[in-house]
Amino acid sequence: HASAALVGAGESVLSSLEAAFHKSGQSDMVMLKIVQIIGRIGGDRALQLLWRKADYPDKRIVKQILYSLRYINYRAKGREIRDVFDLLDTEISKTMWNLAALEELPGEPAFDFLRQALKEEVAQNYDQITMLLSILYDPQSVELVRENIESGDPDNIAFAMELLDLFIDPELKPKLVPLLDDSPTEEKLHLLQLHYPRESYTPIQVINYLLNRDFNLNNRWTKACAIHASAFMSDFRISRGLIAQVFNTDRLLQETAAWVVYQKDRRLFGEIRERLPQRDKKFLDTSIENNQLLDGLDDGFFLEIEMVMFIKQLPVFRNIHGSMICDLADKISPLELMAGDKVALASQEDAKLVLIVAHGAINLMDGDRVVRSLAKGAVIGELFQDGSGQQQATHVLAAERTILFRINLLDFYFVMANNHELVQGLIKNITEQTTEHSIPNR
């Protein structure tokens, strides 16, 4: 309601929004919301304010600015073109680093989540490059190039390269064409070495670089997966970068790093633990004592990284990037139930929940009547109704020892409001599931 009121007020509130954006200690989520509102207000003054933030150090803010510009089909002009060129240069460099890291990591199961996280980052890099090109050139031509490249057909990719050659600036051609064509990563690296020099690294070096790289270069999910993978590398010694993550204010990274250090060297973990605030000691002691390294997701206790790993495997969250699911996991409150325990399902909007059965099994109850039995992996909530009578249920009854992930419905909506790709992915997956369930067996 506040956002709608500000958009309705129009240009008269831009100065106040700008002051709020630059307020000392301002929350990054508030900053994102302010940028969204400025973009929706529109007009020359709003565009000037957005462009001033094009080099903001937080890439999520820059991404939101680009979405706002792309939404109104804005075309860069004058000095703005050079700004977009600089952003493109940075994005190509990040893409090449991530592609090279994928080649350098082993194909072993312990690295599966990290490799997938890097592939998701590369996909985001390509999305960002496409968006930047759409601000420089005709969006329809850029989209046609993208569609032909994503088809994977060599003839289509060749056509895309020819089309790209017709409209991009000469200084971009030697950088973009090798990146976007279907040549192997090794060849791309060779051709772009002059513009984006990069050494070859061992898997241990790749992990350490990922731990220490800026958050604008690799997101928190990739870093968390890098920390997690290091636990399974017997020759990975506890580095300063890993120890530094134990002091990170991001609970996901702090908890994962502490868990790895604990598994590798309990004496050293004890020394590090003594340097932490009492609040963090209590948080980490509870998390680590219940988790065993080799049991993974089967031990019935979940680190936050394991929550994300579990959710990523569910059909309704299929192909949704880990970085977005991390934002959801931040809102999760795990709940342990013993057989016969109950959880009421509230009907008031501000008390409604999204529940995920992470371990065990439950029954959805309407009074004493079983509406439906649900096993591990089931998702319950307003968004996930499938016509099976979920809306009639008054409470949940645990059939055995069960772990539920609870997310307040309003928190769920808040995360969705800041991740439009999450919304698109959920709609696609839920629609496909509903369609599958509605088709009768023949």
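## Model and conventions

The model is predicted: local features need pLDDT of at least 70, side-chain atom pairs count only at pLDDT 80 or more, and totals for chains, interfaces and linings use all residues. Residues are numbered from 1 along each chain as its sequence is written, and side-chain values use heavy atoms, with hydrogens and water left out.

pLDDT is the predictor's confidence in each residue, from 0 to 100. Its mean over the protein is 87. Of the residues, 94% reach 70 or more. Among the elements, helix α13 (residues 220-230) has the highest mean, 95. Helix α21 (residues 420-438) has the lowest, 79. Where pLDDT is low, the predicted coordinates should not be read in detail.

Helices (H or I, at least four residues) and strands (E, at least two) are DSSP runs, numbered from the N terminus.

## The β2-β7-β4-β5 sheet

Four strands form an open sheet in the order β2-β7-β4-β5, with antiparallel pairing. Two strands pair if DSSP finds at least two bridges between them. Strands β2 (342-344) and β5 stand at the edges. Each has a single partner strand, so one side of each is left without a neighbour in the sheet. On average, neighbouring strands of this sheet are turned by 25° against each other, direction ignored. Axes here are lines fitted to C-alpha atoms, for helices over the stretch in contact, and angles run from 0 to 180 degrees between N-to-C directions.

Strand β4 (residues 361-366) pairs with β5 (residues 369-375) over six antiparallel bridges. Isoleucine 362 has leucine 374 of β5 as its bridge partner. The two strands form a hairpin with two residues between them. Glycine 367, in the turn, has a positive phi of about 70°. On to β7 (residues 395-398): four antiparallel bridges join this strand to β4. Asparagine 363 stands opposite leucine 397 there. Leucine 397 is also the bridge partner of lysine 342. Three bridges join β2 to β7, again antiparallel.

How enclosed is β4 by the rest of the structure? Five of its six residues are buried (under 20% relative accessible area; exposed is over 50%, partly exposed in between; 1.4 Å probe, protein chains only). Strand β4 is therefore largely enclosed.

## The β1-β8-β3-β6 sheet

A further open sheet of four strands has the order β1-β8-β3-β6, with antiparallel pairing. Its edge strands are β1 (333-337) and β6 (379-380), each pairing on one side only.

Strand β3 (residues 353-359) is mostly covered, with five of its seven residues buried. Six bridges join β3 to β8, and the two run antiparallel. Two antiparallel bridges join β3 to β6. Isoleucine 356 has a bridge partner in each of these strands: phenylalanine 405 in β8 and valine 379 in β6. Helix α20 (residues 409-417) lies across β3 and β8 (402-408), running at about 65° to β8.

Helix α4 (residues 44-52) has buried residues Ala46, Leu47, Leu49, Leu50 and Trp51. What do they pack against? The partners are α2 (14-21), α3 (28-41), α5 (59-71), α6 (79-104) and α7 (112-136).

Serine 141 sits in helix α8 (residues 139-150). Its side chain makes a polar contact of 2.9 Å with that of aspartate 138. A polar contact is a pair of N or O atoms within 3.5 Å; within protein, one must be able to donate a hydrogen and the other to accept it, and residues adjacent in sequence count only if both atoms are side-chain atoms. Leaving aside neighbours within four places in sequence, serine 141 is in contact (heavy atoms within 4.5 Å) with Leu163 and Phe167.

## Asparagine 319

Asparagine 319 lies in the loop between α18 (304-312) and α19 (322-329). Its phi is near 65°, a positive value in a residue other than glycine. Most residues other than glycine have a negative phi. At 67% relative accessibility, asparagine 319 counts as exposed.

The structure holds zero disulfides (pairs of cysteine sulfur atoms within 2.5 Å). For cysteine 225, the nearest cysteine sulfur is that of cysteine 326, 7.5 Å away. Cysteine 225 counts as buried at 2% relative accessibility. Cysteine 326 is also buried, with a relative accessible area of 0%.
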